[in-house]
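Hello,

Here is the structure I promised to pass on to you. Have a look at it first, and then read my notes below.

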Protein chains: 2
Amino acid sequence: MYTAPILVAGEWRQAAECGRFQPLNPTTRTPIELYFPVSSWSDCDAALEHAAQAAHALKQLPGESRAVFLERYADKIESAALEICQIAHEETGLPLEPRLLNVELPRTTNQLRQAAAAARTGGWAQATLDTSANIRTLRAPIGPVIVFGPNNFPLAFNGIAGGDFAAAIAAGNPVIAKAHSAHPHTCQKLARLAFAALQEAGLPAATVQMLYGTAREDGLRLVSDQRTGASAFTGSQSAGLALKKAADEAGKPIYLELSSINPVLILKGALEQRGPAIAEEFATSCLMGTGQFCTNPGLVILPKGDTADTFVRQCAALFDEAPVGTLLNKGTEDSLKRAVRQLQDTGAECLTAANTADPNRCCQPNTLLIADGQQFLQNPHGFQTEAFGNAALLIISSSTVETRQILERLEGNLTGCFYTAADGTDDADYEQLEPVMRNKVGRLLNDKMPTGVAVSPAMNHGGPYPASGHPGFTAVGIPASLQRFSKLECYDNVRPHRLPPLLQDKNPCEAWRLVDGNWTQGDVTHL
Amino acid sequence: MYTAPILVAGEWRQAAECGRFQPLNPTTRTPIELYFPVSSWSDCDAALEHAAQAAHALKQLPGESRAVFLERYADKIESAALEICQIAHEETGLPLEPRLLNVELPRTTNQLRQAAAAARTGGWAQATLDTSANIRTLRAPIGPVIVFGPNNFPLAFNGIAGGDFAAAIAAGNPVIAKAHSAHPHTCQKLARLAFAALQEAGLPAATVQMLYGTAREDGLRLVSDQRTGASAFTGSQSAGLALKKAADEAGKPIYLELSSINPVLILKGALEQRGPAIAEEFATSCLMGTGQFCTNPGLVILPKGDTADTFVRQCAALFDEAPVGTLLNKGTEDSLKRAVRQLQDTGAECLTAANTADPNRCCQPNTLLIADGQQFLQNPHGFQTEAFGNAALLIISSSTVETRQILERLEGNLTGCFYTAADGTDDADYEQLEPVMRNKVGRLLNDKMPTGVAVSPAMNHGGPYPASGHPGFTAVGIPASLQRFSKLECYDNVRPHRLPPLLQDKNPCEAWRLVDGNWTQGDVTHL
């Protein structure tokens, strides 16, 4: 039985297998006839050893060579776009168009190119010069980065092509990608393109390596190994926190993007003035991509009253009428079912028809649940169970005071939204409630659903624990996302010719640098 | 028996004591007749509760009010300089002049004033605007910060006056300072001045709070409490790592500055050309302040040969001739004695005369130890035992290859130095060895001892684990040190009048902001 080879040390080699697995086609519930290996520790060890060597070699090369790699890789992904998306569709059930081909793939290549531009100029490194004391510091590569991608973005967050990958490479680090077990074939296809691009760009062969599966304990060893610089994980809270514990104990940085229910607060004036439009917006945002976004609006809080009743009925109807999307895999299906049951056991009532879902594919009915503010306050943790997928919970609050209490009991989230009236009628409530919400979320929105995560320098895709592991970092947005994979390197009285190019007086790349307290793209001139 | 009151919620109140302690005068080995309380959890809980409220209130105030506080505090410290330094001298044995009065106190007020300037303009927050997408992000206060200061800088790193304190306050956070048990009276004096300055500046009363002592488990609870934003600890590895574990498990950031032996590498050409001058520099740097600096040069590596023998003899003589300084306290004395014994047990030979130290004060003889490269390689961990105080270890390496192996086995350090010949004879060795050393230290120096830590924007006082908890942060250097106490707050489509001042189009404070990819102090202009 043929098992796919892993990519280690610049060659596709058979894994030292301790198991193998097949992906599943969630649209048909049938296994895909491809076999991928679960590596034993010797594969991980080899990858780490070569990554550590590659890290040293990479440091001698200019940012330009990483830029060329990232751009060639983006080109190759575009050239093979249809094939990649067909494979990703087969493994994830995500629609080929527009989702994969017209949205996620362009986002992926855009990220790679933005990262390339950052690597080329070097401004992300925030070189800081004190010319009179002759002390100079920059953000330098942190060392081999282990990237664990999630199930829900087979391209844009893929461990071998997504945001964390692009950021880690652009910052000058080799990456060991752990393919997601739900879409290994997609990962394989991308890894082949990455490796071809890497050879063209002349980067060290072990700059990009990939394993398909590891035993749980080997994952923990990877993030805590002394050769590892840092790790990035996007996925479930339980897996992420286990990795965090191992990395923390070894003093190794790990960046997490975990669960989030993304509270949406609709204030009274907004509800009265444009309830039906907001209901449409909410249903669209919540059911898009079968709700499988980390910024999916999973908790909507609205003020009690006739308008709320109308809003609730409308949302329930929209959920019932909308087509039921396919879920990523059996695991997602099972955990969504479990979460919905848990919310009902906690006391939420189901508003939607439990129409039988198609038994031939991975799916669950579009599900809208409801509870009131007092119920929430009696069991805030239970009502914050994340139902990852096409489900959401409405909370009817009886007063602004109650709403504030609800907000105070929220756990950390990636996003939080306020819908408010345009005429100022909600301003007093907003002023009371905003400071509480602000403290619980990484990104605060007004009159906009949270599901779009623009790749903007000003984006924050992060938030208070347990939405992420540290509220000072973002997984999306260049240059900030690169800084996660760096360490501060200071040069004190080091002779000029020994300084890294970004710290020398001349600044031919016109990198933005903080020189004697002022940001400038110029050279240092000695008067 | 009178016990000093703690500062909680804007009042000096009696602690809910579960014990009390007296500081010791290390110059006379006699207890100082003052009693300070060990608080029980109810004091910690009260401080946290009030700090959380103060955090909300502080967020509504402009940076200007924190700037005024920090400046008034600096003024008051200067006005009371002699009294403060006399108290600090009594508790720490550090010389009144020049150390406390002419070096450490001015450094302290300088830090407070630099932090004030940063708080006033707000550029430290790195406001990042994407005007076309209308997404805007800044670094916002992280919440109440617990600061544990070290024993060796009673002013400049004091939990209630030092660098971490200034950074946390400037970034907009209330501080709960844990006084160091070796100099509580100094802390009390400073806290009184801080509180007076705070009242003048009109900050919330609980912006600055202070406890003297807590049970070990209450320290762990403080750093992991849900109301805590972050913590900062400078001190011993064992205490720091216990706090880190508790904070990590709760998902709370903690910034550590732990042990460091600060390797100094003297290359062949430098040794031959100016060995005697380097020996003088080394002995001065190592014995200054009785060696009680986190950047004390504790490990010197030099190439075998006659010149090395001469260097070694000279250093031993300098150590024997130099006056023996007083150590901070009994704890420092005991741990230095233990560390020296441990290094000897590992195989290091003592070069200095074990002249009986003065039994009437806390001290140990100036101690210089020696071992060769092979010994080091056989037990690298043992030979990296930190001997905090007036002691150092010389390693004689038989070749550049051996030196490289030694560097490869170094643990994370704050600093690392190369002494090289001016005429280029050491350049080949430097090129071979620098990448290894670079990877192990936060600050790399050429031809300069590491003991001066300039308060420069380009300083990095941090390094790879276990020198610190995360190699991307620095404890010294403004604005970078402020960023540790912040979280990213993103505003997506938020109405203009609801944005924090730093994110609005107008930029009256002329804060440096990253607007559409360019750093500027200007307003946003819509064409």
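Which strand of chain B is joined to β21(A), and do the two run parallel or antiparallel? The partner is strand β22 of chain B, residues 486-492, and the two run parallel, with 3 bridges between them. Within that pairing, L445(A) stands opposite D492(B). Please keep in mind throughout that this is a predicted model.

**Where the two chains meet**

Let me stay with the contact between the chains for a moment. Chain A brings 65 residues to it, and chain B brings 65 residues as well. Together the two chains bury about 5,500 Å², with 50% of that area on carbon and sulfur atoms.

Several elements of chain A each supply at least two residues to the side that touches chain B, among them α1 (41-59), α8 (237-249), α15 (427-438) and β24 (518-520). The largest share comes from β22(A), with 7 residues. Sorted by type, the residues on this side of chain A divide into 25 nonpolar, 20 polar and 20 charged.

As a reminder, side chains of opposite charge can pair when their charged atoms come close.

**Chain A as a whole**

The secondary structure of chain A comes to 16 helices and 24 strands. Its C-alpha atoms fill a box of roughly 75 × 65 × 40 Å along the principal axes. How does the radius of gyration of chain A fit with that of a compact globule? For 527 residues, such a globule would have a value near 24 Å, and chain A has 24 Å, so the two agree.

Over all chains, the structure holds 62 salt bridges. One that lies within chain A links E49(A) and R227(A), whose closest N and O atoms are 2.6 Å apart. E49(A) sits in helix α1 and R227(A) in the loop between α7 (216-224) and β13 (230-234) of chain A, so this pair ties together parts that are 178 residues apart in sequence.

**A three-stranded sheet in each chain**

In chain A, 3 strands form an open sheet in the order β3-β6-β12, with mixed pairing. The edges are taken by β3 (17-21) and β12 (213-214) of chain A; each has a single partner strand, so one side of each is left without a neighbour in the sheet. Strand β6 of chain A, residues 36-39, runs parallel to β12(A) and is joined to that strand by 2 bridges. There, S39(A) has T214(A) as its bridge partner.

Chain B has an open sheet of 3 strands in the order β3-β6-β12, again with mixed pairing. Its edge strands are β3 (17-21) and β12 (213-214) of chain B, each pairing on one side only. Here I looked at the other pairing: β3(B) and strand β6 of chain B, residues 36-39, run antiparallel and share 4 bridges. G19(B) stands opposite V38(B) in that pair.

**Some backbone details**

Most residues other than glycine have a negative phi, and most peptide bonds are trans.

- Y465(A) and P466(A) are joined by a cis peptide bond, with omega about 0°. P466(A) is placed in the loop between β21 and α16 (480-483) of chain A.
- In chain B, the peptide bond from Y465(B) to P466(B) is cis, with omega near 5°. P466(B) lies in the loop between β21 (441-446) and α16 (480-483) of chain B.
- A9(A) is not a glycine, yet its phi is positive, about 55°. A9(A) belongs to the loop between β1 (6-8) and β2 (11-13) of chain A.

Conventions
Residues numbered from 1 in each chain as written. Chains lettered and ligands numbered in written order. Predicted model: local features only at pLDDT ≥ 70, side-chain atom pairs only at ≥ 80, totals over all residues. Heavy atoms only, no water. Contact = heavy atoms within 4.5 Å. Buried area = accessible area lost by both parts, 1.4 Å probe. Nonpolar A, V, L, I, M, F, W, Y, C, P; charged D, E, K, R; others polar. Pairing = 2+ DSSP bridges. Rg over C-alpha atoms; globule rule 2.2 N^0.38 Å. Salt bridge = Lys/Arg side-chain N within 4 Å of Asp/Glu carboxyl O.
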